[in-house]
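Dear colleague,

Please find below the structure that I am handing over to you.

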Amino acid sequence: MAPPFTRDNEVPSAPLPPELAECLRYGPFHRALRMALAHRGLSLSRISAHLAQRGVPVASSTLSYWQRGMRHPDAPRSLEAVRALEELLRLPVNALVVLIGPRTRPAPTDSAVVSFAEVAGSWAKTDELFASMEPRNANPTLAIVAVHDSGRVGPHRELRRCTTRVVVRPVVQGADRYFAVVRPDEVGDVADVVFQAVDGCRVGRIRRDPETRLVMVELLFDRHLGEGEVHVFSYRVSYPSCRPTEGIYRTFRLPCESYLLRLSFHRRALPVRCLRYVRETEDSPPLERDELVCWGGEVASAYFSDVGPGQAGVAVEWD
């Protein structure tokens, strides 16, 4: 059993980095928490486990919301957890508590939709592909309830295909299609990327950009969805033979309530390690980073709740 939080039992820690010390003085809370977590090098799952052992359970997803500024720890129980975090992270007393301040309201739901380019700079031409499709009833009219990606890695460590199931709910009546964008690995011709409708949709127009290696497909529902109606559909993407994959990820420009990513490996091409991660943009450091258990050595699964805008995925390390 872990010892209680008592400063008297702590070994004095080294001085905090100047940047962290300054952020603890001036805030904001979420940035100071994110920097303190990065300084100590503990994953959110480990932090959550330590807090639970000490009687102040906080889910790793909640910690993620706090450090991203998406939620505010203002309830009495939350304040107790923040004080516990200060001790676990070896911060001065009330260093985080005083930064909480008044609750900030979430952004209104009618705020501008984040573009793919804002999340991933290498996807800068995505908006041009959207414009070429003239998507009058496209993704902004759909709320993404859940996504399940199931990727398959072949015997040469290459990502061979990914089957995706999406659950959507229209926010306005009349939505009748969904636009999917993929970017295959560096080796291989984008012309060889194959889309296949599995159920609940059919493949419409496809746009390919060899320069940026972006491929966009229009998936048609064959009917107009009523406002609030839930629709489930699946599609599969097969990739050309390419280099050993570094993993698989999904870019979200809209919030998604639930994302499940499953990656299976050929028995002749098993990874050394798989890491689950979440990051705000393509070039930013991970907000969450946890090692995954590969069941039977051949399957790694990662679950994300209330993800996006940003990127969520699984990184693969080979020997």
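Just after helix α2, G41 takes a positive phi of about 70°. Helices (H or I, at least four residues) and strands (E, at least two) are DSSP runs, numbered from the N terminus.

Please note that this is a predicted model, in which local features need pLDDT of at least 70 and side-chain atom pairs count only at pLDDT 80 or more, while totals for chains, interfaces and linings use all residues. Residues are numbered from 1 along each chain as its sequence is written, and side-chain values use heavy atoms, with hydrogens and water left out.

Helix α2 itself covers residues 29-40. Buried in α2 are F29, A32, L33, M35, A36 and L37; buried means under 20% relative accessible area, exposed over 50%, and partly exposed in between (1.4 Å probe, protein chains only).

Overall composition

The protein chain has eight helices and 14 strands. Of its 319 residues, 47% count as buried.

Strands and sheets

Seven strands form an open sheet with mixed pairing, in the order β4-β7-β2-β1-β9-β13-β12. Strands β4 (194-199) and β12 (294-295) stand at its edges with a single partner strand each, so one side of each lacks a neighbour in the sheet. Two strands pair if DSSP finds at least two bridges between them. Strand β2 (residues 159-170) runs antiparallel to β7 and is joined to it by eight bridges, with T164 opposite Y235 in β7.

Strands β10 (residues 273-279) and β11 are also antiparallel, with four bridges between them. Here R276 stands opposite D290 in β11. Strand β11 (residues 288-291) has E288 and D290 on a covered face, and R289 and E291 on an uncovered one. In a regular strand the side chains alternate between the two faces of the sheet.

Aromatic pairs

There are five aromatic pairs in the structure (ring centres of Phe, Tyr or Trp, the last by its six-membered ring, within 6.5 Å; planes under 30 degrees apart are stacked, over 60 edge-to-face and the rest tilted). The pair of F221 and F233 is tilted, because the ring centres are 5.1 Å apart and the planes lie at 45°. F221 is in the loop between β6 (214-220) and β7 (231-238), whereas F233 is in strand β7, twelve residues apart. Both residues, F221 and F233, are buried. F252 and Y259 form an edge-to-face pair, at 5.2 Å centre to centre and 75° between the planes. F252 has 5% relative accessibility and counts as buried, as does Y259 at 0%. Ring pairs also link Y178, F221 and F233 into a cluster.

Salt bridges

The whole structure contains 15 salt bridges (a side-chain nitrogen of Lys or Arg within 4 Å of a carboxyl oxygen of Asp or Glu). In one of them, the closest N and O atoms of E218 and R177 are 2.7 Å apart. This pair links E218 in strand β6 with R177 in strand β3 (residues 177-182), 41 residues apart. E218 is buried, with a relative accessible area of 3%.

R273 forms a salt bridge with E291, at 3.9 Å between the closest N and O atoms. R273 lies in strand β10 and E291 in strand β11, so the pair ties together parts 18 residues apart in sequence. R273 is partly exposed at 27% relative accessible area, whereas E291 is exposed at 52%. Salt bridges with shared partners join D176, R177, R205 and E218 into one network.

Yours sincerely

Conventions. Expected span 1.5 Å × (residues − 1).
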